[in-house]
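Good morning, colleagues. Please look at the sequence and the structure as I bring them up.

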Amino acid sequence: MARERNRWLSAYALIVYAFLFAPIVVLIIFSFNKARRGLVWQGFTLDWYPKLFSNGELLDALTVTLEVALVAVIVSTVIGSLLGLGLARLRFRGRGATETLLLVPMLTPEIVMGLSLLLFFLQLFDAHGSLAQLWIAHITFCVSYVAVVVRARAANMDPRLEEAARDLGASAWGAFVHVTLPLILPAVIAGGLLAFSLSFDDYVVTTFNSGVGSSTLPLYIYGKIKFGVTPEINAISTIIVAVTAIAILIAWRAGAFDSGPRRPVADEAAT
Amino acid sequence: MTDRHDGSSIDLEKELVRYMVEHRISRRYLLERIALVGGAAALAPIIAACTSSGGSASAAPSSAAPSVAASVAPPSASPSPTAQPSPEGALNILNWTDYLADDVIKSFEDQFSVKVTQSFFSTTDEMYQKIGEDGGDYDISFPISVDVPNMVERGVIAKLDKSMLPNIVNLGQEWANPGYDPGNTYTVPYMWWTTGVGYDPKRIKEEPTSSKALWDARWKQHISMLDDWQEVFGLTLIQQGHSANSTNTAEMDQALALLEQQKPLVRTYSTDTIGTMTSGDVWIGHIWGADRFAIQETIPDFAYYIPEEGGVKGSDTVATFTGSPHPVAAQLFINHLLDAHNSAANTNLIYYMGPNAAAKEFIDPAILSDPTINPDQEIVDKLEELLRLDQSVRDEYLSRWQQLRG
Amino acid sequence: MGAAVQPAEASAASTPVADAPGRIARLRAAALVLPGVGWLVLFFIVPLLLIFVVSLGSRDALDRITLANPSLDNYAKAFDPVFIPTFLNSIRFATITTILSLAIGYPIAYWISRYGGRHKVLLIILVMLPFWTSYLIRTYSWIILLRDNGVVNSLLQAFGLTSEPIILMNTDLSVILGMTYGFLPFAILPLFVSIDRLDPNLIAAGRDLYASGRDAFLHVTLPLTMPGIVAAALLTFIPALGDFVTPDLLGGPGTTTIAKNIQELFLAGRDWPYGAALGFVLMIVTLTGTLVALRTLRREVAGGD
């Protein structure tokens with residue numbers, strides 16, 4: 001009976017993954033499209049790949065994007081996880097306000113957030129956009145997402161576990177690292193993955209906070225719409241997917257994804 | 001073409017072939033020109049372009065001026081005047097991606113040892129926000145001409161130093177004193193365009209000439225309009241016999257009514273004209289003229305026309321700003337863009353026509369001869385320009401636009 | 001045994017802590033929460049206040065923002081009935097997207113958690129991988145798939161299901177498809193994180209307790225994963241409400257959203273004050289709705305325990 005459910009569910013999973021990757025397959029195929037502009041297939045060519053490597057601006061944009069995303073992910077994951085954990089586990093006054101504060105960035109229209117930051121940096125620091133400004137902007141919109149995910153995970157976590165660890169002699173920090181952190185780690189990682197996606201693809205907030213030398217890939221790509229988006233963009237997206245897939249494969253082979261020690265069964269004791 | 005020569009000896013044959021390939025000039029065209037204006041006149045501009053990386057005094061505003069070209073002046077060693085401040089080491093440009101030909105930027109960098117950094121935007125309104133009140137950190141950008149007076153009044157755009165812009169003589173006569181910037185004091189025109197109707201002849205098996213074709217129920221769900229309230233209302237008002245810049249709310253209401261009739265037939269309101277027209281879902285659409293060439297790369301016989309009721313034209317400018325960090329480099333770059341060769345290179349890349357009369361020598365003949373991209377002066381004079389309307393008028397339009405799109 | 005230490009904390013019910021050792025807990029809470037709160041206050045609230053001030057202002061003759069006559073006029077204007085259709089569009093798309101994302105995401109999150117085994121993390125990363133490409137190109141790819149002479153229509157005709165192309169692009173369908181696609185990972189990840197921590201013993205116990213697998217799921221699994229479902233709903237609905245790009249690129253004349261209206265006011269309309277006011281109105285409406293929904297949900301969940 002369990003096995004049968006497994007089959008249906010597995011088929012379902014396959015369909016969902018196919019759905020997720022369908023546009024990606026199209027994207028990859030069209031990176032070999034001969035047509036310079038336009039969405040019609042006009043023959044096979046490999047030209048776009050060497051072309052993109054000589055496209056300084058495109059490569060610079062990619063570099064900036066990764067620089068921004070890396071910092072944004074690390075900082076927002078740390079801050080967001082702490083925030084989510086605090087909200088979930090511990091009761092304190094002002095909790096409702098903090099929870100509201102968490103939600104507001106997510107429901108702010110991007111144009112409002114982008115322009116508010118532009119105004120903030122312009123009026124208070126006479127700044128016109130820069131890499132640092134992008135870091136700050138990206139961290140700001142990522143924090144909430146991480147916090148919400150971590151909070152969900154930590155929601156039912158029994159706080160007595162950490163107390164128990166401390167009673168057994170661990171320091172507060174040690175209890176945190178060895179008990180709490182492993183329990184919320186999947187949520188932290190999930191939050192980090194979401195933050196990366198948000199940062200990597202962001203346009204509106206980024207355009208109003210980027211400056212000279214800090215144009216990201218989305219800015220470069222959207223700037224192409226006016227005069228035609230070329231398959232170079234497909235090519236670079238393909239390369240990113242390929243590189244990431246290879247990196248994941250290598251990590252997988254190296255056992256990086258094997259699940260750790262089984263989590264404590266007492267986890268669920270509290271309702 | 002970025003190599004400097006002293007003009008003493010060049011391999012003309014090699015340079016010529018390279019030039020022709022670069023600019024897609026056919027041998028036949030060249031021979032025709034030689035027959036028409038004489039060998040020296042036809043080849044002189046090419047030689048001049050090959051031997052100096054800047055514009056030369058021999059580039060005359062009119063396209064057929066054998067007397068000037070016959071005496072091939074020794075190529076000017078440098079396009080910039082003798083006594084001038086030296087440029088800063090960097091230049092920051094804000095524009096669309098692929099708006100400037102790579103060659104043009106590279107030749108500028110090489111000639112003046114300036115590092116050019118480009119930053120991007122996807123709509124002009126975004127550009128204005130990034131430029132702000134003093135240009136942000138940008139030295140060069142491309143405001144739309146009708147927005148220039150407002151920016152000048154707010155103190156955003158810096159005055160030009162004409163002594164650093166000898167190439168300005170390359171501009172066509174009609175651009176010497178534009179209404180939005182008398183005497184080109186603050187800006188220099190960059191590109192101009194028309195807005196009209198484009199269609200795929202394989203789908204639309206007739207040759208429409210009116211903008212009413214966009215209301216044709218036969219093409220239901222295969223029509224697109226620009227996602228730009230001013231262009232859309234402009235087209236409609238002209239069709240109804242009014243000015244595209246009407247301030248009359250009754251006329252605006254009439255236009256709205258007509259647009260609401262059209263709405264069920266419209267597939268999309270989009271400014272991604274190239275993507276929309278090449279996807280195949282849209283057969284006839286409201287597009288900018290120059291997009292036609294880009295679309296033709298995919299749909300070879302794609303057609304474009306300026307509606308018989310009248311059409312819209314527009315232009316943009318190159319400007320530098322009051323807060324620009326590298327004013328000297330900016331001025332030199334503007335001059336660089338005014339060079340005939342460079343202006344042509346840009347036109348050949350993005351297909352938009354420049355105001356540069358001297359550049360006409362080097363523009364792809366297909367573009368040049370196309371009456372819809374490069375119409376005769378009399379037609380151009382009849383086209384209306386979309387002006388920057390007063391706030392209250394703009395608000396009237398915008399609220400009707402919101403009604404339409406809701 | 002930590003009997004002396006905060007017994008009241010053990011309960012997941014909502015009685016707040018008030019005893020002396022709670023001070024340490026409160027300090028610890030502050031330490032955890034302070035960086036996040038501090039950051040958001042400085043880099044989110046303060047800028048937002050600036051924009052709020054702008055919303056009270058107006059424009060001068062040169063289209064510059066002026067605070068000469070601060071007023072709430074823009075807010076009055078924001079309640080213009082012209083925005084009702086677009087607001088309803090936004091609500092409609094966000095709701096359907098959320099429901100679909102949850103419905104599609106839950107089973108796959110469940111599958112990864114229960115049957116993913118050693119490869120769980122890998123499978124989760126695979127869910128995210130498509131989204132490390134350019135959004136615009138992914139959208140173009142959907143256009144290639146959905147257009148009149150696109151892949152989907154070709155397949156439909158090849159299998160004889162249709163005789164001529166059906167219009168898929170620039171419709172509500174393409175918008176919802178595109179939005180669901182874009183938000184699916186935002187649903188799957190929190191769902192997975194919540195489902196994954198379920199103790200299989202509890203599931204087994206549930207199956208023993210209840211006659212059918214379905215009941216076991218409804219009465220054991222589902223309530224236990226409620227925090228994940230709530231998180232997934234929040235991470236989908238709230239941003240979806242403000243999504244204007246997807247409906248803009250994949251949609252048609254009937255899919256304009258309120259977010260697009262706001263964008264237009266700021267940029268094409270050059271009216272920051274009005275755009276800001278409309279933005280704030282949208283935010284307040286959304287926030288109120290969300291908080292009410294959360295409170296109701298919490299009451300029900302707490303009551304059901």
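Of the 305 residues of chain C, 54% count as buried, where buried means under 20% relative accessible area, exposed over 50%, and partly exposed in between, with a 1.4 Å probe and protein chains only. This is a predicted model, in which local features need pLDDT of at least 70, side-chain atom pairs count only at pLDDT 80 or more, and totals for chains, interfaces and linings use all residues. Residues are numbered from 1 along each chain as its sequence is written, chains are lettered from A and ligands numbered from 1 in the order in which they are written, and side-chain values use heavy atoms, with hydrogens and water left out.

Chain C has 13 helices and two strands; these are DSSP runs, numbered from the N terminus, with helices being H or I of at least four residues and strands E of at least two. The C-alpha trace of chain C spans about 75 × 65 × 30 Å along its principal axes. Among contacts in chain C with a separation of 6 or more, 67% join residues 24 or more positions apart, a contact being heavy atoms within 4.5 Å.

Let us turn to chain B. Asp364(B) sits in the loop between α13 (340–350) and α14 (365–369). Is Asp364(B) buried or exposed? Asp364(B) counts as buried because its relative accessibility is 9%. Asp364(B) lies 161 residues from Arg203(B) in sequence and 28 Å from it in space, C-alpha to C-alpha.

Finally, chain A. Leu83(A), Leu87(A) and Ala88(A) in α3(A) meet Arg95(A), Thr98(A), Glu99(A) and Leu102(A) in α4(A).
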